[in-house]
Amino acid sequence: MSNIPVELKYARTHEWARMNDDGSVTVGISDSAQDQLGDMVFVEVPEVGQTVDAGEACAVVESVKAASDVYSPVAGEIVEVNDGLADSPETVNQDAYGGGWLFRMKPGSAGDLDAMMNSEAYAGFLEAEDH
Amino acid sequence: MGQKTPLYDEHVADGGKLVDFAGWDMPINYGSQIEEHNNVRNDAGMFDVSHMTVVDLTGDRTREFLRYLLANNVDRLKDSGKALYSCMLNEDGGVIDDLIVYFIRDDFFRMVVNAGTRDKDLAWLQQQSAAFDVAVTERTGLAMVAVQGPNARNKTLPLLSDAARAFAGDLKPFFGDFDGDWFIARTGYTGEDGFEIILPEDEAPAFWSKLRAAGVRPTGLGARDTLRLEAGMNLYGSDMDETVSPLESALGWTVAWEPADRDFIGRKAIEAQRKAGTQQKLVGLLLEDRGVLRNHQKVVAGDGEGEITSGSFSPTLQRAIAFARVPKETGETCQVDIRGKLLNARVVKPPFVRNGEAQIDL
């Protein structure tokens with residue numbers, strides 16, 4: 001069973017999003033996604049100040065197996081990126097919801113996360129995808 | 001669902017992630033490919049390679065047949081048990097498959113070919129052997145386990161029968177011998193010491209369990225690929241196929257040109273190519289910038305272009321490495337197109353790693 005924290009929202013492309021107190025949104029990939037991809041060896045994060053659309057590919061996580069795009073779950077501006085992953089991409093495997101975060105953004109509209117799945121829906125989505 | 005090897009249940013029990021490989025359900029890893037890779041470089045790992053095809057060739061004219069069939073020369077095999085790596089070419093000089101052939105007796109050679117090329121290999125062998133009265137027998141009912149790493153032999157030897165242990169410890173590199181239905185060879189596809197063991201399928205699960213208990217770690221096909229890439233070993237279907245010759249695949253060393261009067265399939269074509277000069281070559285690449293090299297990325301070399309045939313992250317070197325087919329004129333550097341950005345790479349001579357040690361300057 002993969003780890004699916006209840007306080008986060010999830011995208012069909014396996015990103016998670018956390019609404020922070022200051023209105024910004026932190027984004028990473030789910031535990032299930034990191035497990036599927038395997039050992040991370042390279043992470044390419046977006047640039048701070050970059051504006052992205054919802055569903056836009058704006059980061060890349062590369063495992064020893066394959067490269068995989070990461071899609072922004074909401075539209076907005078990138079305000080911070082996790083530079084530490086350049087030297088320790090394995091953090092995405094070890095701590096997908098913590099130290100393995102990819103970028104933080106200021107969403108265009110506060111209600112944007114409503115379209116994402118809650119933990120229960122994502123668990124069901126993973127189960128359906130498995131079959 | 002694909003075909004299952006005799007060790008399928010072991011892979012499930014070991015937590016293997018099973019993927020389709022040439023029609024077989026095979027473990028890509030058992031959790032961490034990088035840990036499995038490093039374990040083979042530092043200790044001992046085991047691979048289920050039962051999907052590969054074992055073919056026994058028998059008949060008085062077997063040596064003569066192989067002299068004609070293979071680009072390498074089986075006359076290099078003088079001592080019983082000695083193995084030879086060779087390409088099997090078509091008339092155009094394209095590579096039908098790469099394989100290992102063991103000389104057992106003049107009327108008995110054993111060949112191990114790739115799983116993905118099984119059908120066409122067998123058809124080709126049947127077709128070509130007819131004129132030599134050589135029997136081509138695919139050996140089914142067998143499993144194959146590769147145990148690789150600096151401690152592989154020491155961990156394996158106590159698990160063998162007394163008869164096998166008597167010779168296996170003294171096998172020289174690239175030699176194999178029989179113990180009843182078991183065949184134990186000091187060969188591999190990782191750049192490390194070890195054994196490749198062919199054994200009856202019903203004995204394979206117990207042997208796998210014993211190896212595991214002896215501290216030999218199950219290792220998936222993912223690590224097998226990064227290990228062979230670091231070791232500078234080609235993969236059929238990625239680095240060469242029927243559209244290219246050995247000369248364009250960094251396999252010129254496996255072509256035995258002498259004696260000049262040995263006629264082998266494809267000789268005329270690659271001799272002409274050697275005279276005219278090849279237009280492309282297969283080289284090693286080390287990425288100087290940050291990123292990961294992948295199969296099929298475009299290589300820019302001067303005015304010409306090439307393509308990565310095998311690319312990955314090297315766990316041992318902690319850098320991206322690759323084989324690439326590039327224009328003959330390519331010098332010491334080139335660039336690789338990774339998602340639209342041209343990144344710098346250095347052209348190097350494989351192997352990248354042998355016996356746990358880096359072979360190139362980083």
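This is a predicted model: local features need pLDDT of at least 70, side-chain atom pairs count only at pLDDT 80 or more; totals for chains, interfaces and linings use all residues.
Helix α8 of chain B spans residues 221–230. Eight of its ten residues are buried, so the helix is largely enclosed by the rest of the structure. The buried set consists of Gly222(B), Ala223(B), Arg224(B), Asp225(B), Thr226(B), Leu227(B), Leu229(B) and Glu230(B). These residues pack against several elements of chain B. Among them are the strands β2 (24–29) and β3 (45–48), together with helix α2 (33–42). Strands β16 (304–314), β17 (319–327) and β20 (353–354) of chain B also take part in this packing. Just after α8(B), the backbone adopts a positive phi of about 75° at Gly232(B).

The two chains touch. Twelve residues of chain B are in contact with eight residues of chain A. On the chain B side, α2, α8 and β16 each give two or more residues. By class, that side has seven polar, three nonpolar and two charged residues.

In chain A, Asp31(A) lies in helix α1, which covers residues 31–37. Asp31(A) has 21 C-beta neighbours inside 10 Å and therefore counts as buried, the cut-off being 20 or more. Beyond its neighbours within four places in sequence, Asp31(A) is in contact with Ser2(A), Asn3(A), Ala96(A) and Tyr97(A). Of these contacts, Asn3(A) is 28 residues away from Asp31(A) in sequence. In space, the C-alpha atoms of Asp31(A) and Asn3(A) are 6.0 Å apart.

Notes:
Residues are numbered from 1 along each chain as its sequence is written. Chains are lettered from A and ligands numbered from 1 in the order in which they are written. A residue is buried if 20 or more other C-beta atoms lie within 10 Å of its own, exposed if 12 or fewer, and partly exposed in between; C-beta atoms are placed from the backbone. Helices (H or I, at least four residues) and strands (E, at least two) are DSSP runs, numbered from the N terminus. Two residues are in contact if their C-beta atoms, placed from the backbone, lie within 7 Å. Ala, Val, Leu, Ile, Met, Phe, Trp, Tyr, Cys and Pro count as nonpolar, Asp, Glu, Lys and Arg as charged, and the others, Gly among them, as polar.
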